[in-house]
Structures are given as structure tokens and as C-alpha cells.
Amino acid sequence: MLAQERVKFSLIKPIYKSGGKSSPSNNRPISILPVFSKIFEKVIYNRLIDHLHSNVISNEHHYGFRSEKSTENASYVLLNEILTALNNKQMVGGIYCDLHKAFDYITHTMVLEKMKFYGVSGKIYNLIKSYSDGRYQNVVLSHSNGIESTWEKIRQGVTQGSILGSLLFLIYINDLPNLASTGTKIILYADNISVLVTRSNLENFETKIDNIFGYINSWFKVNQLTLNYNKTDYLQFNTKNSWDC
């Protein structure tokens, strides 16, 4: 095996999240990567971050995996939007979406296409393409005496536990907040999406809720992502003297 191929092999150790322990879907697949792989990832990461910042590409409404953003920032924006609408006697509601295994369903081809769209080209583009191609993984069950699966080729998804994976995910969903129009705001934190809608009357409010939910659902389908309906909720905010809906 060539040295450049070895850095593309990773061990997957499932980390239990919640729910039934016998279900694979209730585990997070964390990758154990070679040290040299992380060195190459760091180089690519720094080049991409510099490109995104210098060209003001990163969407301002994404608060996950960014050094200058945090959950506190996202919470402040959400609360400020809601309270401002209520103070202005407007109707305000939130759609809170969760994507089903978003990191695992990202397609490599679409990631590369989005890279091109954002002006990533030349050697750095070729390096990212090489990084995505020909990767293999196997699963190690530490709680079952180290039982391992066979090595399988990775055909989609970004590597969880890697340096570069989270940034590739950000680039993948960077254009989602652009679906927002007047009276709506889409706020992202990792794979959690909050959509706020404000309107001054019930008819326009309900129409806008239906429209924006349809738009983001269409975006998910085009980008081959799936909405987790079990963890997706809608909440309308009211004060005591608010609208009687």
C-alpha cells in the first residue's frame, strides 16, 4: 500500500448517544485517523478558512464550528428576533428542523461542485478532491472484545472526528439561509436549523409558514439531505395580550 493511500484509512468507533443501545442509528460514528492525515487536513483547513474569510463567503447566520461564533450568539439572535416581533405586536413563529444523519449523507460530488461555485480551484481544489476520493473505513466495536468489520470504501459523507469534516459540512449548507426573504430568518447551528417567521396578520403568517417550510424541504431534497420529522417542531410565540390564534 502506498504511503498516500494509508492516510485515507480510518477506524470507526461508535459512540453511544441515546435511545436503544442495540440500534446502530443511536451511535455517533467517530473516526480514528492517522496522524499524518490530520497534518494534511490542517493545511487544507487553513487554506479554505483563509479563502472563505478573505472573500466573505461564510454565511453570517451560521453559528456552528466557527471560532468567532457560538451557541450564545445563536441564542441571542433568536431571542432578539422573537422579542422584537412581540414588542411590535407582530405574529412570530419558529420552525426548528433537525437533519437525519446530515454528516453521513453529504455527497462528495456536490461538495466539490459547491467548492467550485465559491471559487476554490487549482491545487487546493485538486488536493480536496484527492482527500475525498478512495477513502476506506472499518468499524471497531470496543464493547464487543474489539470485533471489527471488513474495510469498505466511503462513498458519501464527511468524516466525523476529522479536522476538515466540519468545515466541508459548513460549505455544503452555506447557501441554505439565502432562502430567507422579508419577514423570515434562517439560523444554523451545525445540522440544527431554526426558521423564524414574522407577519402582522394571521392569513399572511400561515401562508408564509407553509411557503418557507416547502422551500427548505425542496432544498434538502435537491441537496440529498433528509429532514428528521421526529425531531422537527413548530412553535408559535405569544404574550398574554397577543393575538388570539
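Where is the place of Lys101? Lys101 sits in the loop between β3 (91-98) and α4, where helices (H or I, at least four residues) and strands (E, at least two) are DSSP runs, numbered from the N terminus. This is a predicted model, in which local features need pLDDT of at least 70 and side-chain atom pairs count only at pLDDT 80 or more, while totals for chains, interfaces and linings use all residues. Residues are numbered from 1 along each chain as its sequence is written, and side-chain values use heavy atoms, with hydrogens and water left out.

Lys101 has a relative accessible area of 25%, so it is partly exposed; buried means under 20% relative accessible area, exposed over 50%, and partly exposed in between (1.4 Å probe, protein chains only). Not counting residues up to four places away in sequence, Lys101 touches Ser25 and Asn27, contact being heavy atoms within 4.5 Å. Glu68 is 33 residues from Lys101 in sequence, and their C-alpha atoms are 25 Å apart in space.

Phe103 belongs to helix α4 (residues 102-105). With a relative accessible area of 13%, Phe103 is buried. Leaving aside neighbours within four places in sequence, its contacts are Phe65, Gly157, Val158, Gln160, Ser166 and Phe169. Gly161 is 58 residues away from Phe103 along the chain, with 11 Å between the two C-alpha atoms.

Now for the helix pairs. Two packed helices are described by the angle between their axes and the distance between the axes. Helix α2 (residues 35-54) packs with helix α6 (residues 122-132) at an angle of about 135°, their axes being 11 Å apart. Axes here are lines fitted to C-alpha atoms, for helices over the stretch in contact, and angles run from 0 to 180 degrees between N-to-C directions. α2 and α6 are therefore oblique to each other; angles under 35 degrees count as roughly parallel, over 145 as roughly antiparallel, 65 to 115 as roughly perpendicular and the rest as oblique. On the α2 side, Glu41, Ile44, Arg47 and Leu48 meet Ile124, Leu127, Ile128 and Tyr131 of α6. Six residues of this contact are nonpolar, none polar and two charged (Ala, Val, Leu, Ile, Met, Phe, Trp, Tyr, Cys and Pro count as nonpolar, Asp, Glu, Lys and Arg as charged, and the others, Gly among them, as polar).

Helix α5 (residues 108-117) also packs with α6, at an angle of about 170° and with the axes 11 Å apart. That makes α5 roughly antiparallel to α6. Here His108, Leu112, Met115 and Lys116 of α5 meet Tyr125, Ile128, Lys129 and Ser132 of α6. This contact divides into four nonpolar, two polar and two charged residues.

The largest nonpolar core has 45 residues, and Leu48, Met115 and Ile193 touch the most other members. Such a core is a set of buried Ala, Val, Leu, Ile, Met, Phe, Trp, Tyr and Cys residues joined through side-chain atoms within 4.5 Å. Residues up to four places away in sequence aside, Leu48 touches Met115, Val120, Ile128, Leu164, Leu167, Leu168 and Ile171. A second, separate core has 11 residues, including Tyr63, Ala74, Val77 and Ile187.

Lastly, backbone angles. Most residues other than glycine have a negative phi. Val56, in the loop between α2 and α3 (71-87), has a positive phi near 50° and counts as exposed at 71% relative accessibility. Ala190, in the loop between β7 (184-189) and β8 (192-199), has a positive phi of about 55°, but counts as buried at 9% relative accessibility.
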